[in-house]
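Keep the viewer open as you read.

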Amino acid sequence: MMDDGNAARYPTLRCIVIDREKTSLPPPPPPSTVGATIPHNENSTRAYAKRFRVFAFREFLLRTYFRPSSLSSSGGGNDGAAVVLDVAGGNGHLSWILRNADGINSIVVDPVRPKHDRLIKSMNFLIDHPDEAALRSVEGLPTHQPLARLMPSLIENCERRDDRGRPIMTSPSYMRIRVDSKLVAMLRKVIVDGPSSGGDDALRSWDAYWYNESVNSANVPEEDGKSFALSDDSQICDSRRALEVFRSVDLIVGFHPDQATEAIIDMALLLRVPFAVVPCCVFPSEFPERTLGGKRVRIYSELVEYLRTKHDGIRTTTLPFIATEFARKLVMYMLMEDFK
Ligand SMILES: C[S@@+](CC[C@H](N)C(=O)[O-])C[C@H]1O[C@@H](n2cnc3c(N)ncnc32)[C@H](O)[C@@H]1O
């Protein structure tokens, strides 16, 4: 586990049991809304708006991993907080929700810097309009907004308030780096092969790799004599701290992770940690080396089959929203027990 000073706030592996009292697992529906809600029904589908789909993935993650025994055999140790890597997290909504509503230390890994202003604006609107928030929290109604349902947990979990008494949320940590075959090869060298691949030499190559490949104020050239203020307190810039994150990760997730899809699975298999990925696009011209039965992987169904060949233990399920070409809903995932 990695201690970022907030460990006490997050669920530990042992309490990766998420307790309804302390988290935002959806509460039982109020009697007046029974029938309108679709709690955890994987056979039902919802026409989730694009920005809401990630909430369906969050529910899957909580149900699948944050229960007794689901991660408990992880080799990551048992005395700190669970670390989730949200690869290709984009604007970082998933990690923001996991961190603030569920108390999970989810770290975004994407070359792009996360932005939480839209979520914060929506949250403040709901705080200022409690009647509207109550209406929007009812699942099954056209007005449903998943964030509205999380408001009690967001408010209860927050430790700081602004001068209007509104909760101040915590930005999840993030690392600006591509997750690709190069990163996986470096992690193999420095974490898995470790001393056998040269000890200090391996660490030095890691440092060099990190400073060349990551996007942070230390490696972006100055422009007009001014250096870019590219990092903030939430960004993990230091190579050794970044390495510590990869060493201590307990779960790797990727929702529509574009070019990072295969590398997420490779990284999880390398580090022997559970993963859950929802593949989307194939990018055949960027990955000409992928083949299935001697033929190049070009379409989505072939990508899924290709990824499935990586480990016999890979499971699949679907998220409860209507799939389209751009809203893929198949989750490929493994639990700790699937590694045995
Ligand atoms: C379709 S967006 C999904 C973002 C987010 N998961 C969501 O659902 O809102 C794809 C994201 O993948 C990121 N990405 C693409 N290739 C990547 C790579 N090799 N490593 C990490 N992130 C990558 C992009 O920067 C982009 O933010």
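For ring pairs, the rule is that two rings of Phe, Tyr or Trp (its six-membered ring) pair if their centres lie within 6.5 Å. Go by that rule and you get eight aromatic pairs in this model, which is a predicted one.

Take Phe-52 and Phe-55 to begin with. Their ring centres sit 6.4 Å apart, and the planes meet at 85°. Planes over 60 degrees apart count as edge-to-face, so that is the label this pair gets.

Now look at Phe-60 and Tyr-333, another edge-to-face pair, with 5.1 Å from centre to centre and 80° between the planes. Where do Phe-60 and Tyr-333 lie? Phe-60 is in helix H1 (residues 53–65), while Tyr-333 is in strand E11 (residues 330–334), so the pair ties together parts that are 273 residues apart in sequence. Both Phe-60 and Tyr-333 are buried. They also belong to one aromatic cluster, together with Phe-57, Tyr-65 and Phe-255.

Over to the charges. Which residues form a positive surface patch? They are Lys-50, Arg-51, Lys-115 and Arg-118. One of them, Arg-118, is found in helix H3 (residues 117–128). With a relative accessible area of 49%, Arg-118 counts as partly exposed, because the exposed label takes over 50%.

Definitions and conventions:
Residues numbered from 1 in each chain as written. Predicted model: local features only at pLDDT ≥ 70, side-chain atom pairs only at ≥ 80, totals over all residues. Heavy atoms only, no water. Patch = residues over 30% accessible without salt bridge, like charges linked within 9 Å, V, L, I, M, F, W, Y side chains within 5 Å. Areas by Shrake-Rupley, 256 points an atom, 1.4 Å probe, with all protein chains shown as cover. Salt bridge = Lys/Arg side-chain N within 4 Å of Asp/Glu carboxyl O. Lys, Arg positive; Asp, Glu negative; His and termini not counted. Charge placed at Lys NZ, Arg CZ, Asp CG, Glu CD. Helix = DSSP H or I, 4+ residues; strand = E, 2+ residues; numbered from the N terminus. Buried < 20%, exposed > 50% of the residue type's maximum accessible area, 1.4 Å probe, protein only. Phe/Tyr/Trp six-rings, centres within 6.5 Å; stacked < 30°, edge-to-face > 60°.
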